[in-house]
Amino acid sequence: MDDKKIAIQVTDLEKVYKLYDKPSDRMKEALGLSRKKRYKEHHALSKVNMTVRQGETVGIIGTNGSGKSTILKIITGVLNPTNGKVTVNGRISALLELGAGFNMEYNGIENIYLNGTMIGFTEKEIDEKMESILEFADIGDYVYQPVKTYSSGMFVRLAFAVAINIEPEILIVDEALSVGDVFFQAKCYHKFEEFKKLGKTILFVSHDLSSISKYCDRVVLLNQGVKLGEGSPKEMIDIYKRVLVGQYTVQEDGRENLLNDKELAAAAAAKSAGGKVREVSDGINPELLEYGNNAAKISEYFITDEAGVHTTAVIKGQEFTLHMKVVFTENVPAPIFAFTIKNIKGTEITGTNTMVEKAFLESVKAGDEKEILFRQKMSLQGGEYLLSLGVTGYEQDTFQVYHRLYDVLNLTVISDKDTVGYYDMDSVIQIL
C-alpha cells in the first residue's frame with residue numbers, strides 16, 4: 001500500500017528505563033562522580049514494529065507491564081523513545097490520562113479552549129465544536145465554575161467530551177471508555193462506534209477483551225515489552241489466554257513460543273495424574289476472604305476452557321470447567337461443594353452446589369481427597385466477574401462451614417454480542 005494510507009508507523013521501537021536503588025546513585029551518575037554503573041535497565045519496549053493504516057481499528061492487549069501504555073505515550077509524544085522511530089500521519093486526539101492538561105483554577109469553558117489549543121485547533125474551530133462538547137459532557141451550569149470544584153465524575157465527563165468531540169483523524173484510547181455512570185458509558189461507546197463508521201483510525205488499548213473482540217479489525221499482542229504477534233481478535237485473544245497462565249516457552253533466541261495443544265494436553269494429564277498443579281498467577285485475588293472450621297481445605301482451584309487450556313477468560317457460548325480439589329482433615333458426613341459467580345458490584349449472579357445438583361451425597365473420611373469438576377456453557381454477558389468457592393455441610397441439622405474462599409478468582413467473559421441483563425437467552429429469531 002501507498003505510504004499515504006499509513007496512519008501510524010512504528011519501527012524498531014525501544015524504551016529503556018534506568019532503575020536506581022537509591023536517589024544518591026542517580027545524582028552521582030548525573031554529576032559524573034562515578035564510573036561504576038549504578039542502575040539496572042528495564043526494557044519497557046524491545047524492538048516493537050507496528051503499522052496502523054487509515055480507517056483501521058487496531059487493539060493492543062497484554063498483561064500489566066507489557067508496554068501497552070508506554071507505546072501509546074510515545075506515539076502521542078508524551079514520552080520519547082530510547083531507540084526506534086514513530087511516524088504519525090494525521091491529527092491525534094488521545095484519551096490517555098483524562099484531564100491531564102486541565103488548569104484547576106480555570107472554569108470548564110476556559111479549559112475547553114486550553115485543551116483544544118493544545119491539540120492544535122484554532123479558537124474558531126473550538127467555537128464550532130463548543131455546543132457538541134457541552135451537550136456531550138452534560139454538566140449544566142457547572143461548566144462556568146472552576147474545575148477544582150467539580151466532582152471526579154464531572155471532571156472526567158468534561159475531559160472525555162473535549163477529547164472525543166474534537167473529531168481527530170486518529171483517536172487513541174487507553175482504558176478510557178469506562179468513565180462516569182452507565183448512561184455516560186453508553187454515550188461514550190456510541191461515539192466510539194460513530195468514529196469507526198466514519199472511517200477514522202483508532203488505536204485501542206483495553207483489558208476489556210469483549211470490547212477488543214467487538215470493535216477491533218486487528219489486534220497486537222505485547223508481553224513484557226516484546227511483540228508476540230498480531231492478527232484477528234479471536235486469534236490474539238486465544239494466545240493471550242495462554243500467556244496469562246504462563247503456557248509458553250522461551251526459545252534459545254529469546255523469543256516466546258506458545259505450547260501447542262498436544263503439550264497442553266500432556267500438562268493437563270500430568271496435573272490430573274497427581275503432578276504439582278501450576279497456580280494461575282493472574283486472576284487470583286491476593287486479598288481474598290477465607291474462613292472455616294478446618295475440617296476441609298480447598299487446596300487447588302482453576303478454570304479450563306473447552307480445549308482443556310487453563311484460563312481466567314472464557315468465550316461466551318463455549319463450555320468451561322471449574323476445577324476444585326478438596327482435602328479432608330476430619331470425617332465429614334455429607335460435604336457440599338459449591339461455587340458462586342458475582343459481578344464486580346457484588347451482586348450474586350449464579351451458582352450451584354453438589355446437593356442441589358444431587359451429584360454427591362456421600363460421607364468422607366479424614367485424609368480423603370476429592371476433585372470436583374463443574375462443567376457448563378458460558379451464557380453470561382461479556383464482562384468481569386468474581387468467583388467464590390465453598391465446602392459446607394450439615395451435622396445433626398446444624399449448618400457447618402468447612403472452608404470458604406470469597407472472590408478468589410477473576411473470571412473474564414469475552415463476547416461480541418451482549419443482550420439485555422445478566423444472561424443471554426440464546427433466542428432464535430424468525431421474521432415471517
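Predicted model: local features only at pLDDT ≥ 70, side-chain atom pairs only at ≥ 80, totals over all residues.
Biologist: Which residues do ring pairs link into a cluster with Phe328?

Modeller: A search of the whole structure finds seven aromatic pairs. Among them is the pair of Phe328 and Phe337, and ring pairs also bring in a further residue, so that the cluster, by the 6.5 Å limit on ring centres, consists of Phe328, Phe337 and Phe360.

Biologist: Is the pair of Phe328 and Phe337 stacked or edge-to-face?

Modeller: A pair of aromatic rings is described by the distance of the centres and the angle of the planes. For Phe328 and Phe337 the centres are 6.3 Å apart and the planes make an angle of 75°. Because planes over 60 degrees apart count in that class, the pair of Phe328 and Phe337 is edge-to-face.

Biologist: Are Phe328 and Phe337 buried or exposed?

Modeller: Phe328 has a relative accessible area of 2%, and for Phe337 the relative accessibility is 2%. Because a residue under 20% counts in this class, Phe328 is buried, and Phe337 is likewise buried.

Biologist: How are α3 and α4 placed relative to each other, oblique or roughly perpendicular?

Modeller: Helix α3, residues 108-119, packs with helix α4, residues 123-137, with their axes 10 Å apart and at an angle of about 125°. The range for roughly perpendicular is 65 to 115 degrees, and that for roughly antiparallel is over 145, so α3 and α4 are oblique to each other.

Biologist: Which residues of α4 meet α3?

Modeller: The crossing of α3 and α4 is right-handed. From the side of α3, the residues taking part are Ile109, Ile112, Tyr113, Gly116 and Thr117. The residues that they meet in α4 are Glu123, Ile126, Asp127, Met130, Ile133 and Leu134.

Biologist: Where do α4 and α5 touch, and which residues of α5 make the contact?

Modeller: The axes of α4 and α5 come within 8 Å and cross at roughly 140°, which makes α4 oblique to α5. On α4 the contact is made by Lys129, Ser132, Ile133, Phe136 and Ala137. On α5 the contact is made by Arg157, Leu158, Phe160, Ala161, Val162, Ile164 and Asn165.

Biologist: Is Lys358 buried or exposed?

Modeller: Lys358 has its place in the loop between β17 and β18, and its phi is also a positive value, near 55°. Because the class begins over 50% and the relative accessibility of Lys358 is 67%, Lys358 counts as exposed.

Biologist: How many of the eight residues of α2 are buried?

Modeller: Helix α2 spans residues 68-75 and is mostly covered. The buried residues are Lys68, Thr70, Ile71, Leu72, Ile74 and Ile75, and the number of buried residues is six.

Biologist: What separates the C-alpha atoms of Asp305 and Lys241?

Modeller: Asp305 is found in strand β13, where, with a relative accessible area of 12%, Asp305 is buried. Asp305 touches Lys241, as well as Thr311, Glu319 and Phe320, not counting residues up to four places away in sequence. Although Asp305 and Lys241 are 64 residues apart along the chain, the separation of their C-alpha atoms is 9.8 Å.

Note on methods
Residues numbered from 1 in each chain as written. Heavy atoms only, no water. Phe/Tyr/Trp six-rings, centres within 6.5 Å; stacked < 30°, edge-to-face > 60°. Buried < 20%, exposed > 50% of the residue type's maximum accessible area, 1.4 Å probe, protein only. Axes fitted to C-alpha atoms, helices over the stretch in contact; angles between N-to-C directions. Helix = DSSP H or I, 4+ residues; strand = E, 2+ residues; numbered from the N terminus. Parallel < 35°, antiparallel > 145°, perpendicular 65-115°, else oblique. Left-handed = near helix turned anticlockwise from the far one by under 90°. Contact = heavy atoms within 4.5 Å.
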